[in-house]
Amino acid sequence: MAKVFIYPATSLILSTLVTRFGHQPLGSAISIREHIQTPGFDSPPIQITSDDPQYGLKWAAVEVPSGIRGRMSLYGPLVEEADAAIIIDEPDLAFGCMGCARTNELLAFMLREKNIPRLELNYPTSKEEGVTFVAAIKEFLKNLERQ
Amino acid sequence: MKPYVPQYVGTITKYVFVDSPDITPQDIATAAYEIAQGIMIKETCFGCQITGSPEDVERIINHLQKLDPYRIYVKDRGFPPGDARRCRADLGGARPGYLGHEYEMDLARYITYGLQETDRMTNEKLKITADQKVPRPEMLDIEILESLMKEE
């Protein structure tokens, strides 16, 4: 079973497909769960404390805004852990503030730079594209098992 | 700063979504309650949320997926249900995050169709289908954009 990073990291479809084809999806919920289940100082809503932007320095330079470094403290460990990645190009649902947008760009860049099997595709817009979408993911995950 | 004592440590929470003409969210929740054995289950408008040990949650999800294998979608959730930092009962208004679910559930019918079709395919057919290029509208050429700007 490989650990597959999914982008968008909150994707329901990718999460379902990766689990269905026998692998473990790595999404933002895993990091958030770890944060909110760790005791410490109260820092709602997702227990991001001042330590997190410092931890994020591992993946983003010091001149990068703290919002991005804080977000990278959630995603960075998952990217390092990932054995493979599935990326949806320009997903409509992953819009947000500038912090989210820049984190998403950095995340996609890190996944492309990392030497792991990677599948990039777009959301389907018809039934026929749905077949190609599922087939591409199924074939990609099947090949992961062989590797 | 006050100390933070987490709740439900060691548990996982999963969303179960259903988009089916045969199964309703109520059926999903009822089926989950039947084998819950003390696991926390919350019925929602889209399916349910299940919180418990990873083994128990897995057991219930495997059971639910048998009800409609192609139309049940599952994903992880960071927070347990009813958490005051996320729950609408405490915050008021729409909960952040449902926008993404709403967007993806619109596409779920294509994925369902894709799953049904690919399950019937041979390995060779699957490989051919997977390699198919999906035509995309071309991006606006930068020179055309520049000329349009100059015309203004």
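Let me start with two helices of chain A: α1 (residues 12–20) and α6 (residues 127–146) pack at an angle of about 45°, with their axes 10 Å apart. That makes α1(A) oblique to α6(A), where under 35 degrees is roughly parallel, over 145 roughly antiparallel, 65 to 115 roughly perpendicular and the rest oblique. The axes are lines fitted to C-alpha atoms, for helices over the stretch in contact, and the angles run from 0 to 180 degrees between N-to-C directions. Helices here are DSSP runs of H or I with at least four residues, strands are runs of E with at least two, and both are numbered from the N terminus.

A word on the source. This is a predicted model, in which local features need pLDDT of at least 70 and side-chain atom pairs count only at pLDDT 80 or more, while totals for chains, interfaces and linings use all residues. Residues are numbered from 1 along each chain as its sequence is written, chains are lettered from A in the order in which they are written, and side-chain values use heavy atoms, without hydrogens and water.

Back to the helix pair. Which residues meet there? From α1(A) they are A:Ile13, A:Leu14, A:Leu17 and A:Val18, and from α6(A) A:Phe133, A:Ile137 and A:Leu141; contact means heavy atoms within 4.5 Å. By class, that is 7 nonpolar residues, no polar and no charged ones, with Ala, Val, Leu, Ile, Met, Phe, Trp, Tyr, Cys and Pro counted as nonpolar, Asp, Glu, Lys and Arg as charged, and the others, Gly among them, as polar.

Next, the rings. Over all chains there are 7 aromatic pairs. In one of them, B:Phe17 and B:Phe46 have ring centres 4.3 Å apart and planes at 15°, so the pair is stacked. Rings of Phe, Tyr and Trp (its six-membered ring) pair if their centres lie within 6.5 Å, and planes under 30 degrees apart are stacked, over 60 edge-to-face, the rest tilted. B:Phe17 is in strand β2 (residues 12–18) of chain B and B:Phe46 in the loop between β3 and β4, 29 residues apart. Both are buried, that is, under 20% relative accessible area, with exposed over 50% and partly exposed in between (1.4 Å probe, protein chains only). Ring pairs also link B:Tyr15, B:Phe17, B:Phe46 and B:Tyr98 into a cluster.

Last, two chain A residues that touch chain B. A:Arg33, in helix α2 (residues 28–36), is buried at 11%; its contacts beyond four places in sequence include B:Thr11, B:Asp76 and B:Arg77. A:Gln37 sits in the loop between α2 and β3 of chain A and is buried at 16%. Its contacts, counted likewise, include B:Tyr8 and B:Thr11.
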